[in-house]
Amino acid sequence: MPITNYPNPKAIVTNYKPGPYDGKREMTMDQFKEWIKQFDGDADGRISRDELKEAIRSTRAWFPGWKANRGVKAADANRDGFIDNSEITALMEFAEKNLSIKIMP
């Protein structure tokens with residue numbers, strides 16, 4: 001018996017672009033900032049290691065805890081254990097290299 005309540009598979013793809021696809025999520029720097037900001041659970045304007053872990057987990061990446069540790073280490077210039085607005089560019093660079101995210105101009 002065929003399943004009839006399946007959604008249209010073409011309707012699921014919202015950001016389709018014909019041509020080569022490298023498997024990376026594409027977003028602008030502003031979209032990246034908005035995306036990461038939604039994981040700032042305590043709304044202090046900084047991203048903690050645990051908050052970054054939840055963001056990475058949302059991408060379905062493997063080893064989110066390990067990647068969060070590496071991300072904070074790579075982006076946290078003042079070594080306070082948090083990523084603030086002045087360090088977001090370094091976090092974006094980490095995300096491009098390690099989280100299959102592509103920042104578009």
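Two strands count as paired if DSSP finds at least two bridges between them. Keep that rule at hand for these exercises on a predicted model.

**Exercise 1. Get your bearings: how many helices and strands does the protein have, and which pattern do they follow along the sequence?**

Solution. 
- Step 1: Count the elements. The protein has 5 helices and 4 strands.
- Step 2: Read them in sequence order. The pattern is α-β-α-β-α-α-β-α-β.
- Step 3: Of the 105 residues, 30% are buried, and the protein exposes about 7700 Å², with 54% of that supplied by carbon and sulfur atoms.
- Step 4: Look at the contacts. Taking those between residues at least 6 apart in sequence, 52% join residues at least 24 apart.

**Exercise 2. Decide how many bridges join β1 to β4, and whether the strands run parallel or antiparallel.**

Solution. 
- Step 1: Find β1 at residues 25–28 and β4 at residues 101–104.
- Step 2: Apply the rule. Pairing needs at least two bridges, and 4 bridges join β1 to β4, so the two strands pair.
- Step 3: Check the direction. These strands run parallel.
- Step 4: Pick out one bridge. Met27 has Ile103 of β4 as its bridge partner.

**Exercise 3. Sort the residues of β4: which belong to the covered face and which to the uncovered one?**

Solution. 
- Step 1: Ile101 and Ile103 make up the covered face.
- Step 2: Lys102 and Met104 make up the uncovered face.
- Step 3: Leaving out neighbours within four places in sequence, Ile101 is in contact with Lys24, Arg25, Met27, Phe32, Trp35, Ala95 and Glu96.

**Exercise 4. Describe the largest nonpolar core: how many residues has it, and which element gives the largest share?**

Solution. 
- Step 1: The core has 22 residues, and those with the most contacts inside it include Phe32, Trp35 and Ile101. You met these three in the previous exercise, where Phe32 and Trp35 were in contact with Ile101.
- Step 2: List the elements that give two or more residues: α2 (29–37), α3, α4, α5 (88–98) and β4.
- Step 3: The largest share, 5 residues, comes from α5.

**Exercise 5. Turn to the surface: is Trp62 buried or exposed?**

Solution. 
- Step 1: Locate Trp62 in the loop between α3 (49–58) and α4 (64–75).
- Step 2: Compare with the cut-off. Exposed means over 50% relative accessible area, and Trp62 has 66%, so Trp62 is exposed.
- Step 3: Look around this residue. Trp62, Phe63 and Trp66 form a nonpolar patch on the surface, with about 460 Å² of accessible area together.

Definitions and conventions
Residues are numbered from 1 along each chain as its sequence is written. This is a predicted model: local features need pLDDT of at least 70, side-chain atom pairs count only at pLDDT 80 or more; totals for chains, interfaces and linings use all residues. Side-chain values use heavy atoms; hydrogens and water are left out. Patches are made of residues with over 30% relative accessible area and no salt bridge: like charges are joined within 9 Å, nonpolar side chains (Val, Leu, Ile, Met, Phe, Trp, Tyr) within 5 Å. Accessible areas come from the Shrake-Rupley method with a 1.4 Å probe; for residues, only the protein chains shown count as cover. A salt bridge is a side-chain nitrogen of Lys or Arg within 4 Å of a carboxyl oxygen of Asp or Glu. Buried means under 20% relative accessible area, exposed over 50%, partly exposed in between (1.4 Å probe, protein chains only). A nonpolar core is a set of buried Ala, Val, Leu, Ile, Met, Phe, Trp, Tyr and Cys residues joined through side-chain atoms within 4.5 Å. Contact means heavy atoms within 4.5 Å.
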